[in-house]
Amino acid sequence: MAKRYRSAGEITFDVFNYFVLGVIGIAAILPFLFVVSGSFATEAEITKRAVFLIPTTISFDAYRFIFSTDTIVRSIGVSLYVTVIGTAVNLFFTVTMAYPMAKRYLMGRNVILNLVIFTMLFGGGMIPTYLVIRELQLLDTLNALILPGAISAFNLIIVKNFFQELPVEIEEAARIDGCTELGLLWKIVLPLSKPVLATFTLFYAVGHWNNFFSALLYINDPSKWPLQVMLRQIVMLSQSAAGDLSSMDPNFVQPPEQSIKMAVIVVGTLPIMCVYPFLQKHFAKGVMLGSVKG
Amino acid sequence: MKQGAAIGTADIHAAATYRSRRELRFRRLKRDKWLYILLTPGLLYFLVFKYVPMWGVLLAFKDYQPFLGFWKSDWVGLEHFRTFFQNPDFFMLLRNTLVLSLYNLVFFFPAPIILALLLNEVRLSFYKRTIQTMIYVPHFISMVIVASISYVFLTTQGGAVNEFLYSVTGSKIDFLASPDWFRPLIILQTIWKECGWGTIIFLAALAGVDVEQYEAAVVDGASRWRQTWHITLPAIRSTIVILLILRMGTILDNGFEQIYLMMNALNREVAEVFDTYVYALGITQGAFSYSTAVGLFKSVIGVVLVLGTNWLAKKSGESGLY
């Protein structure tokens with residue numbers, strides 16, 4: 001666009017707009033910054049000042065405390081396990097189903113597509129699903145956190161659409177060279193789909209790490225609770241983290257409850273913050289693929 | 001098949017195509033056998049975890065007795081529905097659900113649209129990207145973390161917000177236990193968590209607007225407000241309608257996790273919605289049939305709402321979802 005005269009009103013609007021957006025951007029991350037700084041606080045500091053962004057003295061006691069307790073360390077282990085295995089299961093189920101569904105010539109393809117779409121519109125609901133999980137003897141097993149969500153119908157359709165858009169010529173050439181169907185998927189289609197697969201790996205992984213609902217429904221045994229459930233126990237129900245203080249330095253003073261809570265929140269969010277930069281590179285594209293009709 | 005051929009030949013011809021069609025089908029099955037093998041795990045997943053539970057909604061019409069099991073329990077028809085509609089809880093649930101949805105529609109739904117319009121006016125692409133990076137973050141944080149952060153800040157026992165209030169006004173407000181604060185808190189959490197993320201789809205729609213239209217408008221002397229009103233907004237209208245349809249379908253879904261996490265004995269009266277009620281009665285108290293009936297009522301209304309809004313959207317000239 002050619003440069004043109006900007007009225008005073010437009011300039012005022014621009015200044016106002018940049019300012020408002022800046023405030024909104026900061027507001028989005030501010031609560032989290034407060035929690036991070038609060039997690040390093042000492043008792044003295046918390047009683048002295050209610051709100052602060054930069055602590056005057058940094059103490060790692062809250063973190064030392066939570067990593068000394070069996071309950072939290074174990075729940076972090078559960079969450080990591082479910083995230084890694086669960087994401088692998090998600091990818092396997094999604095890719096194996098999306099690939100055949102992308103073939104326009106496959107007999108029964110439309111029936112299957114409609115079966116999948118119908119599940120997006122209507123579901124059995126909480127209780128019938130719970131009873132199925134119970135009948136399958138999955139209650140109180142970590143598989144109950146993995147299998148019932150093995151495929152997201154929405155993601156499946158996006159991946160299917162992506163496969164469908166790949167050029168048929170490459171596939172035909174590979175077939176002429178004697179490539180089998182599985183070879184085609186493994187050697188041609190998957191390498192070409194790296195961006196879309198990366199997006200869904202991250203989405204599925206974040207979903208598993210953040211999952212609270214399934215664990216609430218299907219896991220009663222506290223030793224199998226993932227971190228999100230443990231977080232609720234400690235922060236909202238104020239259940240003590242019950243650390244093993246005997247193994248600690250005798251001079252160790254138990255950190256204030258507020259900073260322990262904040263430290264647990266930080267630990268529950270940290271993995272997300274670590275993958276966020278990678279996530280961010282991909283997701284706008286991934287989400288857009290979903291909004292394209294088809 | 002060709003019309004006008006002699007009857008005899010036509011019959012022979014039909015029989016021949018029939019045989020070859022069956023053969024063709026078999027040949028195609030054989031040729032694509034690997035594709036069907038690949039499909040199996042996914043299909044099994046949908047059957048076991050999606051279609052078996054759908055069939056399980058029949059529980060709503062039975063009087064499920066754990067020791068008798070699904071098959072031997074008695075059919076009771078619509079009795080559970082009747083009990084539910086006569087229960088005073090029904091109106092509480094309906095009111096809470098609808099009020100929360102209405103608040104969402106009024107306060108949350110327009111927020112990403114406005115934010116996207118503001119972002120779209122930013123010419124400095126570095127600034128725009130930075131803001132986007134910041135406002136997408138909360139979407140990836142779990143609801144438990146969101147509720148936890150609310151708790152540590154709002155609690156009357158050393159929560160920063162209350163400490164601050166105390167130092168200024170000398171009194172504290174129990175945000176977490178007060179029925180008056182429940183709805184504003186829920187909406188604020190939703191806006192904080194999802195508003196930025198919601199802009200993605202509108203920004204994409206805005207990016208698709210033809211630049212020439214703006215240039216023509218500038219030539220015609222349109223101000224930026226006029227451009228927004230006559231070009232930008234009409235350009236994203238269909239996206240808004242589609243999202244509105246999707247929102248209608250989930251009007252009875254108020255997000256189980258969020259409400260469950262923020263609900264307590266003191267604010268239950270305004271907090272309890274269909275999903276939390278189903279959980280409380282079904283999972284924690286074992287009233288499977290009754291809570292299945294409540295859940296089924298909710299899903300059916302949901303489907304009707306989606307189809308209804310979609311129909312309306314089509315009637316008014318939008319493309320709709322289906």
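Tutor: Start with residues 98-119 of chain B: 95% helix, 0% strand, with end C-alpha atoms 31 Å apart. Helices here are DSSP runs of H or I, at least four residues, and strands are runs of E, at least two, numbered from the N terminus. It is a predicted model, so local features need pLDDT of at least 70 and side-chain atom pairs 80 or more, while totals for chains, interfaces and linings use all residues. Residues are numbered from 1 along each chain as its sequence is written, chains are lettered from A in the order written, and side-chain values use heavy atoms, without hydrogens and water.

Student: What does UniProt call residues 98-119 of chain B?
Tutor: The unreviewed entry marks a "transmembrane region" there, and also at 34-52, 131-154, 229-249 and 294-313. Such annotations may be inferred rather than shown by experiment.

Student: And how far apart are the end C-alpha atoms of 34-52 in chain B?
Tutor: They are 26 Å apart, and that span is 100% helix.

Student: Switching to the interface. How much area is buried between chain A and chain B?
Tutor: About 8,000 Å², with 79% from carbon and sulfur atoms. That is accessible area (1.4 Å probe) lost on being put together, summed over both parts. Y18(A), M107(A) and M236(A) lose the most in chain A, together 9% of what that side buries.

Student: Which helix of chain A gives the most to the side touching chain B?
Tutor: Helix 1 (residues 8-39), with 18 residues.

Conventions. Buried area = accessible area lost by both parts, 1.4 Å probe.
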